[in-house]
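Visitor: Let's go through this one together, starting wherever you like.

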Amino acid sequence: MKKLIYVCAILFLLSAVILAQGKISSKVYFDYSYNSDKTPTNSFDIHRVYLTYANSLSKSISFKVITDVGRFNTGKDDRLSLYLKNALVAWQTDYGKFVFGLQGMNMFNVEEHNWGYRFIEKSPMDLNHFASSADLGFGYYNKFAKKFNVSALVTNGGGYKKVEKNDYKKFSFQAFYGDAKISKGGYNVGTSLSLESFDYTAADTSTQTKTVLGGFAAYSTGTLRIGAEYDFANSGGLDVTETILSAFANYKLSKVTEIFGRFDIFDPNTNVDNDGYSYIIGGVNFVPAKGFSIAPNVKIKTPQTGNTNTTYFVNFEYKI
């Protein structure tokens with residue numbers, strides 16, 4: 001028994017030494033929501049808990065592991081569960097950066113930073129399932145003339161929660177000019193594109209292609225941040241075209257207080273006028289300490305057919 005205790009203690013110490021050489025960070029999204037609609041809401045919830053460990057193997061090679069916590073949301077089982085979000089190796093060379101493994105996608109990562117309030121709401125493309133935020137595969141990133149950024153990924157296409165179920169791969173491209181993060185000032189303008197083949201139906205195995213195309217632009221003075229994006233998705237032979245138009249604005253009133261607003265229009269089929277909606281988000285964000293945000297806000301969703309749904313939130317983000 002003593003030997004087992006000694007072995008466990010040694011393993012614990014070795015793990016602590018190894019982890020201490022890298023960087024550990026975490027992030028939590030917590031909220032309270034209320035509405036009095038036909039399906040009333042009056043609840044506290046945790047939507048995300050990220051834990052990240054990153055380390056360098058050499059001056060040019062690094063790796064990162066991110067775990068995430070979310071709900072199953074199956075109706076029968078809504079417990080919080082832990083799963084893997086990223087597990088990647090990045091190799092920086094004179095010819096660009098090569099990334100291998102489970103990694104973040106390049107379809108809406110810049111737009112998410114432009115919006116800046118992921119703990120309050122997902123970016124439009126993510127919210128409407130135009131693309132996954134992470135996937136398994138290979139990525140290439142490079143920058144030219146300090147401001148022109150390009151990336152290309154080849155991935156499974158099923159995202160980070162599903163295994164590969166077909167022989168096709170997803171090809172994703174992004175190009176933008178400017179800064180990837182503009183919270184302290186800057187600008188960017190760019191586009192993203194993904195192509196993924198699929199079998200039309202079980203009976204008709206002809207190959208079709210799902211195409212997602214997005215364009216975005218944002219500008220920040222450090223006090224004022226504004227931006228917009230337009231996204232388009234077409235599922236080939238299924239003759240379904242989805243579009244998103246979104247714009248946002250943020251104004252910093254003081255060092256700890258800022259107001260924000262966003263307006264989305266989603267149309268799931270430009271040929272059939274149904275199931276689309278407009279979406280308004282507005283609120284105030286208080287940052288009493290670095291890494292801690294409190295954001296009372298309101299979300300108003302108006303479907304093309306049906307009644308408007310208004311929900312009041314207080315969102316919290318705490319991170320280290």
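**Inside the chain**

Guide: Start with the largest cavity: 13 residues line it, and Glu111, Asn114, Ala228, Glu229 and Phe248 lie nearest its centre. A cavity here is a set of points on a 1 Å grid over the protein atoms alone where a 1.4 Å probe fits but cannot get out, and a lining residue has an atom within 4 Å of a point. This is a predicted model, where local features need pLDDT of at least 70 and side-chain atom pairs count only at pLDDT 80 or more, while totals for chains, interfaces and linings use all residues. Numbering runs from 1 along each chain as its sequence is written, and side-chain values use heavy atoms, with hydrogens and water left out.

Visitor: What volume does the largest cavity have?

Guide: About 80 Å³, taking volume as the space filled by probe spheres set on the points, which are joined across faces, edges and corners. With a cut-off of 30 Å³ or more, the count is one cavity.

Visitor: Which elements supply at least two residues each of that lining?

Guide: Helix α2 (109–115) does, and so do strands β10 (207–220), β11 (224–234) and β12 (241–252). Those are DSSP runs numbered from the N terminus, with helices being H or I of at least four residues and strands E of at least two.

Visitor: And how do the lining residues divide, nonpolar, polar or charged?

Guide: Seven nonpolar, three polar and three charged.

Visitor: Now rings. How many aromatic pairs does the count come to?

Guide: 22. Rings of Phe, Tyr and Trp (its six-membered ring) pair if their centres lie within 6.5 Å, with planes under 30 degrees apart called stacked, over 60 edge-to-face and the rest tilted. One of the pairs is Trp115 with Phe260, edge-to-face at 6.2 Å centre to centre and 80 degrees between the planes. That pair links distant parts of the chain, with Trp115 in helix α2 and Phe260 in strand β13 (residues 257–267), 145 residues apart.

Visitor: Are Trp115 and Phe260 buried or exposed?

Guide: Both are buried. They also belong to a cluster linked by ring pairs, together with Tyr29, Tyr50, Tyr117, Phe119 and Phe248.

Visitor: What lies over the face of Trp115?

Guide: Arg262, at 4.9 Å from the ring centre. The charged end of Lys97 likewise sits over the ring of Tyr141, 5.3 Å from its centre. The rule wants NZ of Lys or CZ of Arg within 6 Å of the ring centre and within 35 degrees of the ring normal.

Visitor: Tyr141 also turns up around Gly96, I think. What is Gly96 in contact with, beyond four places in sequence?

Guide: Trp91, Tyr140, Tyr141 and Asn142. Gly96 is in strand β5 (residues 96–104) and is buried at 3% relative accessible area.

Visitor: Backbone next. What's the phi of His129?

Guide: Positive, about 60 degrees, although His129 is not a glycine. The residue is in the loop between α3 (124–127) and β6 (134–144), exposed at 63% relative accessible area. Ala145, not a glycine either, has a positive phi of about 55 degrees. Ala145 lies in the loop between β6 and β7 (148–155) and is exposed at 70%.

Visitor: Last stop, β12. What does Leu245 touch there, not counting residues up to four places away?

Guide: Glu229, Tyr230, Phe263, Asp264 and Ile265. Leu245 is in strand β12 and is partly exposed, at 44% relative accessibility. Its C-alpha is 6.7 Å from that of Phe266, 21 residues away in sequence.

Conventions:
On a 1 Å grid over the protein atoms alone, a cavity is a set of points where a 1.4 Å probe fits but cannot get out, and a pocket is an open set with protein on both sides within 12 Å along at least five of seven lines; lining residues have an atom within 4 Å of a point. Ala, Val, Leu, Ile, Met, Phe, Trp, Tyr, Cys and Pro count as nonpolar, Asp, Glu, Lys and Arg as charged, and the others, Gly among them, as polar. Buried means under 20% relative accessible area, exposed over 50%, partly exposed in between (1.4 Å probe, protein chains only). Contact means heavy atoms within 4.5 Å.
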